[in-house]
Amino acid sequence: MKVLAIDDQQLVLLPLQKRLVELGYEVQIETDGKKGMEAFNTFNPDLVIVDINMPFVSGLDVVKHIRITKNSETPIMVLSGDTKDETITEGFDLGINDYMKKPLSLNEISARVKRLIGTPEGQNTVTNSNVMIQERCVGVVIPCYNEEERLLSEEFITYIDKNSGYHLCFVNDGSKDKTLEVLKQLQKGRENFITVYDCEKNGGKAEAVRLGMLHMAKKEDLDYIGFLDADLSTDLADFDDLVKTIETTDFKIVSGSRISRMGADITKESARKIISLTINFIIRKILKMDFKDTQCGAKIFQKDVINIAFGEKFVTQWIFDVEIFKRMSIHFGLKEAKAMLCEQPLKRWIHADGSKLSMKDSVKIVAQLGQIAWVYRNKKKYATSKKHVTNNVNVA
């Protein structure tokens with residue numbers, strides 16, 4: 001029994017394909033509507049599963065091809081995040097047999113497939129799946145430097161196996177230990193869900209994150225891209241909460257915050273806390289924004305601001321987060337930039353062993369903040385001057 005699945009996001013199709021193959025179906029997947037219609041003509045499926053919102057050729061175009069052009073009664077199931085009444089109504093008017101709204105469990109999708117076309121002969125008993133097909137696809141950049149002993153490989157693997165729609169990009173920042181070997185092993189067999197970006201020379205966390213973000217921005221099937229510390233001081237479930245916020249709001253950046261609040265598990269060393277408060281006071285003065293915690297290593301971005309935030313090299317290596325927010329305020333203006341940024345408290349954050357901030361480091365950070373204030377003051381003057389010239393030209 002043949003199933004053709006069409007969706008522009010490969011991260012949605014792969015777990016679906018795997019599950020249906022386990023159940024005994026023959027499955028072909030396509031990430032392009034036009035190729036999907038061509039596959040329908042040659043593959044002769046018993047069932048078509050199609051997404052609605054695809055570029056160039058939409059899911060409804062595919063349905064019209066099957067029902068009108070080919071005059072076929074092949075069962076069609078829509079699997080989409082589009083919940084608009086008019087879209088659903090049009091789909092049923094065109095002759096679809098089922099409409100499934102993302103997010104949805106693979107168990108439910110499998111049950112609906114069986115209801116429509118039955119169960120393949122000789123099917124083996126297959127255990128239930130705990131995987132959810134998500135509406136959005138997310139890229140996560142994880143900078144790694146000498147993480148051979150600290151990298152929690154099992155936690156990363158378990159998470160992407162259970163949560164479809166995530167693509168992890170580990171950036172090896174010129175590690176001197178066996179981090180690269182560990183990452184390659186982690187990637188093995190999961191190449192569609194894990195990328196290893198290798199920097200031969202150590203360029204610092206700022207450059208590792210920047211290169212990883214720009215690399216992931218090239219992937220067309222990703223809706224959002226963020227970064228996360230390799231030690232998982234912010235866990236993946238908390239990161240997913242940041243994603244849920246950005247996909248349901250108009251924010252361009254959602255940044256985790258390690259501020260203490262009721263019900264949260266936030267652990268910091270007392271000395272680090274005092275240093276952090278002092279540095280944060282200086283940061284707020286530079287940004288002219290009331291940020292509680294700019295330096296949390298968990299942030300998620302809309303794709304359309306990636307180049308604004310990461311296009312140019314950062315001035316500093318440690319506090320590039322401040323530069324990201326400064327770049328946003330220069331590009332959009334302070335008032336508009338504030339409306340684009342969201343600071344979301346984390347449920348859990350723990351200072352991991354091996355990540356120590358000394359007094360010497362603190363002095364360096366203060367010096368780097370001074371450097372940022374100076375450099376971006378000049379950038380703002382240049383941007384303002386350029387805008388003024390452009391306005392005069394337009395008036396003329």
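Predicted model: local features only at pLDDT ≥ 70, side-chain atom pairs only at ≥ 80, totals over all residues.

User: What makes strand 1 and strand 3 a pair?

Analyst: Two strands count as paired if there are at least two bridges between them. Strand 1 (residues 2-6) and strand 3 (residues 47-50) have four bridges, in the parallel sense, so they pass that test.

User: What is the order of the strands in the open sheet?

Analyst: The five strands go 2-1-3-4-5, with parallel pairing.

User: Why do strand 2 and strand 5 stand at the edges?

Analyst: Strand 2 (26-30) and strand 5 (98-101) each have a single partner strand, so one side of each has no neighbour in the sheet. From one strand to the next, the twist averages 20°.

User: Which strands does helix 1 lie across?

Analyst: Helix 1 (residues 10-22) lies across strand 1, strand 2, strand 3 and strand 4 (76-80). Its angle to strand 2 is about 170°.

User: What makes up the lining of the second largest pocket?

Analyst: That pocket has a volume of about 460 Å³. Of its 21 lining residues, Pro15, Lys18, Val131, Ile160 and Asp161 are the closest to the centre. Helix 1 gives the largest share, five residues, and helix 6 (153-162) also gives two or more. By type, the lining has six nonpolar, eight polar and seven charged residues.

Terms used: Residues numbered from 1 in each chain as written. Heavy atoms only, no water. Axes fitted to C-alpha atoms, helices over the stretch in contact; angles between N-to-C directions. Contact = heavy atoms within 4.5 Å. 1 Å grid on protein atoms, 1.4 Å probe; cavity = no way out; pocket = protein on both sides within 12 Å on 5 of 7 lines; lining within 4 Å. Points joined across faces, edges and corners; volume = space filled by probe spheres on them. Nonpolar A, V, L, I, M, F, W, Y, C, P; charged D, E, K, R; others polar.
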